[in-house]
Amino acid sequence: MNRVLKWLLGIAAVIVLALAGVALALKSWVGSDDFRLRVAKEVSAAAGVPVELGGLTVDVWPLPAVAVERAVVKSNPPLSFERIEARPVWSGLLQKKLEISTLYVRNAVISQDAIAAVAAAYKKAHPDKAKEKKPAGEATVQLPQRIVLDKVTWVDTKNQRSVIDATARIDDDGLPAQVDIEVSQGRWEGVQAKLQRTGNKWALKGQVGGGTITGRFETSKNARSEPQLQGEFDTANVEVSTFTAPSKTLTGRLEAHTNVQANLKDLGALPDVLQSQTKFTIRNAVVHGIDLQQAVKTVGMNRGGETRLDTLAGQLVTRGRAAELNNLVASSGALSATGHVTMSAEKNLGGNVNVNLAEKVAGQALGVPLVVGGTLDSPSVTLSRAALAGAAIGTLIAPGPGTAAGANLGDKLKGLFGK
């Protein structure tokens with residue numbers, strides 16, 4: 001019995017030493033400059049963009065993993081990664097399947113423009129693949145079971161940076177089962193969010209701008225069998241300028257209910273296809289860059305300043321990057337206003353606001369229709385041509401109250417004066 005045990009221990013020791021030797025040999029081969037350059041060449045050809053790899057390593061302890069060090073994708077702008085580590089599913093390797101248990105990304109800089117550039121380069125390098133149709137239900141990419149982002153910097157199209165730490169667990173169908181996100185630096189600093197899946201529904205809980213966001217989302221198929229997202233969420237006591245930073249045109253505490261929907265066929269196009277409808281109220285609102293009270297008194301000639309409001313309410317409709325404010329109602333002790341404002345994808349503003357002052361001049365109430373223009377960062381209000389002509393006539397008849405009265409009359413008779 002002792003002899004058999006010794007033989008078994010001897011065989012086990014030989015196997016362990018053999019595996020250790022293979023691991024060391026593999027590690028030495030993978031870490032060689034020749035192998036690194038060959039891999040970089042293959043990846044560059046596949047991506048359609050030059051790729052540099054600072055080093056490749058194979059780790060056996062404490063967890064088996066393959067890692068890429070100091071990777072740079074030379075797009076314009078470039079993508080950079082201090083470390084990308086992949087931990088395989090060993091049972092999958094035994095079945096000749098490459099499945100990733102955990103994908104770990106550390107100290108990366110990823111920009112939205114760079115992703116678009118790499119995607120365009122890939123399509124140019126592989127024009128035939130864009131025309132290929134996958135059989136229904138066949139996954140294009142086998143996603144990792146778990147993704148960890150450690151201090152990953154995201155750069156948007158306005159060159160605004162946010163440093164993110166996140167962990168995501170992916171279900172077998174490729175959709176997230178659970179996502180935890182925290183932003184430690186940048187525009188969205190302090191944001192925390194948790195997404196939890198139950199069936200085809202997800203619950204969202206988040207903290208942003210000193211307030212909270214809670215919501216529910218679900219996925220389904222449309223008439224063309226394309227995946228789509230529908231959901232709703234509530235925003236409570238959130239500083240509204242958090243969503244428009246770095247612009248501070250409007251500040252105040254936001255209370256809102258939002259419905260969203262989007263086609264998920266192309267996730268890269270999500271910002272352009274996402275649609276939403278929001279009913280909102282902003283308390284203690286301040287409109288920066290426009291003093292509506294002075295704008296009324298000077299019939300739109302005033303520039304700059306700010307307008308303080310007790311409440312600002314309305315409906316916001318977005319279609320991709322464009323937005324539209326409907327049924328806009330503002331009130332304070334000094335003035336009241338109603339209006340309609342649009343914002344293009346380029347953040348150009350348009351629309352009309354009718355402003356009425358509580359105070360009177362020479363016994364006459366002041367109220368002026370104003371045209372909204374400029375951009376989100378630098379808004380402006382002016383009179384329409386009709387209102388401006390009426391204001392000029394009113395000024396000749398009775399300077400002061402006649403100016404505002406004439407502007408109102410001119411706006412009502414815009415068929416005579418033009419728009």
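Select Asn263 and Glu226 and show their side chains: the two make a side-chain to side-chain polar contact at 2.9 Å. Bear in mind throughout that this is a predicted model.

Asn263 belongs to strand S12, which covers residues 250-263. The residue is partly exposed because its relative accessible area is 24%, and the buried class lies under 20%.

Next, show what surrounds Asn263. Beyond its neighbours within four places in sequence, Asn263 is in contact with Asn222, Arg224, Glu226, Pro227, Gln228, Leu270 and Val273. Pick the C-alpha atoms of Asn263 and Pro227 from this set: they lie 6.3 Å apart in space, while the two residues are 36 apart in sequence.

Now move to helix H4 by selecting residues 112-125. This helix has 14 residues, and the distance from its first C-alpha to its last is 20 Å, close to the 20 Å expected at 1.5 Å a residue. Colour Ala114, Val118 and Ala121, which are buried. Then turn the view to look down the axis of H4: the buried residues fall within an arc of 65°, so they line one face of the helix. Lys123 and Lys124, on the other side of H4, are exposed.

Finally, zoom out to the whole protein. A cartoon view takes in 9 helices and 19 strands. Of the 419 residues, 35% are buried. Switch to a surface view: the accessible surface comes to about 24,800 Å², and 59% of this belongs to carbon and sulfur atoms. Among contacts between residues at least 6 apart in sequence, 42% join residues at least 24 apart.

Note on methods: Residues are numbered from 1 along each chain as its sequence is written. This is a predicted model: local features need pLDDT of at least 70, side-chain atom pairs count only at pLDDT 80 or more; totals for chains, interfaces and linings use all residues. Side-chain values use heavy atoms; hydrogens and water are left out. Helices (H or I, at least four residues) and strands (E, at least two) are DSSP runs, numbered from the N terminus. Buried means under 20% relative accessible area, exposed over 50%, partly exposed in between (1.4 Å probe, protein chains only). Contact means heavy atoms within 4.5 Å. A polar contact is a pair of N or O atoms within 3.5 Å; within protein, one must be able to donate a hydrogen and the other to accept it, and residues adjacent in sequence count only if both atoms are side-chain atoms. Accessible areas come from the Shrake-Rupley method with a 1.4 Å probe; for residues, only the protein chains shown count as cover. The expected span of a helix is 1.5 Å times one less than its number of residues. The arc is that of the directions from the helix axis to the C-beta atoms.
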